[in-house]
Amino acid sequence: MSENINHKQIHWFPGHMMKTLRVMQDSVRQVDAVLILLDARIPHSSLNPEIERIARAKPRLYVLNKADLADAQITARWTRHFRAQGSGCVAITSKDRSGVNSVKKAIGAELTELLARRADKGMAGAKIRLMVTGIPNVGKSTFINSFTGAARAAAANRPGVTRGKQWVSAGEYELLDMPGVLWKKFESETVASNLAFIGSIRDDILDIETLAMRLLAELQALCPQKLAERYRVNEEELALDAYELLGAIGRRRGMMMSGGVVNTERAAVMLVDEFRASKLGRISLEAPEEDV
């Protein structure tokens with residue numbers, strides 16, 4: 001990554017997230033299984049180790065959400081990766097009801113033994129209780145609304161909309177919707193950056209130009225052709241460091257100020273917004289280390 005990028009620490013852990021982890025710890029005994037929603041573009045970075053720890057005693061189903069924004073082949077590798085670890089995994093787009101049906105089938109497969117025990121005890125009709133977890137802005141509320149077929153949970157394209165746990169009824173299921181939660185210390189700056197790229201860390205605590213330069217450095221390495229096609233930059237410009245490339249992109253988009261100076265802040269906002277909206281195409285920022 002370019003040396004001109006300011007690697008300042010990202011501070012991102014509001015007090016309500018600590019409370020959420022405590023509530024999650026107390027509530028997990030009330031559920032039959034835990035659904036862990038991940039962002040399909042960054043499954044590793046969006047997997048909260050605190051949620052993993054809390055959910056360890058229950059059957060877990062990993063839901064790779066926003067799969068329509070990620071590289072399909074890499075998402076398939078992630079699905080195999082999680083299944084090889086003995087957990088259920090399904091890739092979906094939560095706005096698509098067919099994806100929700102895939103989740104319901106996977107839940108049945110994960111809970112086969114539990115459902116059989118209930119049938120033996122004459123409890124075949126008992127509702128299945130599921131905790132729905134994930135990081136901020138991973139799409140939990142949209143998923144729950146698709147799962148239930150109604151607008152039961154507040155949904156917005158920004159982190160922090162759900163602030164308290166709530167039970168949502170969905171036919172044979174009871175869903176415990178938990179607020180999105182991050183963790184205290186990221187294992188690497190790459191994880192922190194990936195979370196910021198997809199909007200899981202509030203933009204108002206970040207320097208948008210620094211974030212855009214980090215993103216550009218990643219895209220230069222992963223998919224330079226997509227940058228070239230979207231912003232009409234040439235090979236020479238693609239080889240520039242991140243700040244100069246941001247300037248070239250701003251110039252191509254006519255984001256100029258007086259004196260012929262590029263408005264790099266405006267260009268940065270545009271770049272990050274377009275990445276999040278998948279305007280550059282389907283991009284996965286990380287892949288599993290080993291194929292199964």
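**Rings, charges and a helix face**

Q: Which residue lies over the face of Phe-147?
A: For a charge to sit over a ring, NZ of Lys or CZ of Arg has to be within 6 Å of the ring centre and within 35 degrees of the ring normal. Here the distance from the ring centre is 4.7 Å. The residue lying over the Phe-147 face is Lys-104.

Q: What pLDDT do side-chain atom pairs need to count in this predicted model?
A: Residues are numbered from 1 along each chain as its sequence is written, and side-chain values use heavy atoms, with hydrogens and water left out. The model is predicted, totals for chains, interfaces and linings use all residues, local features need pLDDT of at least 70, and side-chain atom pairs count only at pLDDT 80 or more.

Q: How many aromatic pairs are there, and what geometry do Phe-147 and Tyr-173 have?
A: Rings of Phe, Tyr and Trp (its six-membered ring) pair if their centres lie within 6.5 Å, and planes under 30 degrees apart are stacked, over 60 edge-to-face and the rest tilted. That rule gives 5 aromatic pairs. For Phe-147 and Tyr-173, the centres are 5.1 Å apart and the planes are at 75°, which makes the pair edge-to-face.

Q: Are Phe-147 and Tyr-173 buried or exposed?
A: The scale is relative accessible area: under 20% is buried, over 50% exposed, and in between is partly exposed (1.4 Å probe, protein chains only). On that scale, both Phe-147 and Tyr-173 are buried.

Q: Which ring has the charged end of Arg-129 over it?
A: The charged end of Arg-129 is 4.1 Å from the centre of a ring. The ring belongs to Trp-167.

Q: How many salt bridges are there, and where is the Lys-127 partner?
A: A salt bridge is a side-chain nitrogen of Lys or Arg within 4 Å of a carboxyl oxygen of Asp or Glu, and the count comes to 11. Lys-127 pairs this way with Glu-174, at 3.4 Å between the closest N and O atoms. Lys-127 is in the loop between helix H5 (112–120) and strand S4 (128–134), 47 residues in sequence from Glu-174, so the pair ties that loop to strand S6.

Q: Which helices does the salt bridge of Glu-237 and Arg-252 tie together?
A: Glu-237 and Arg-252 meet at 2.8 Å, N to O. They are 15 residues apart in sequence, so the bridge ties together H10 (residues 235–238) and H11 (residues 242–252).

Q: Which residues contact Glu-172, leaving aside neighbours within four places in sequence?
A: Glu-172 is in the loop between strand S5 (166–170) and S6. With a relative accessible area of 51%, this residue is exposed. Contact means heavy atoms within 4.5 Å, and the residues found are Lys-127 and Ile-128.

Q: Which helices do the buried residues of H9 pack against?
A: In helix H9 (residues 224–231), the buried residues are Leu-227, Ala-228 and Tyr-231. They fall within an arc of 100° (taken from the directions from the helix axis to the C-beta atoms), so they line one face of the helix. The face turned away carries exposed Gln-225 and Glu-229. The buried residues pack against H8, H10, H11 and H12.

Q: What share of the protein counts as buried?
A: The protein has 12 helices and 8 strands. Of its 292 residues, the buried share is 52%.

Technical notes:
Helix = DSSP H or I, 4+ residues; strand = E, 2+ residues; numbered from the N terminus.
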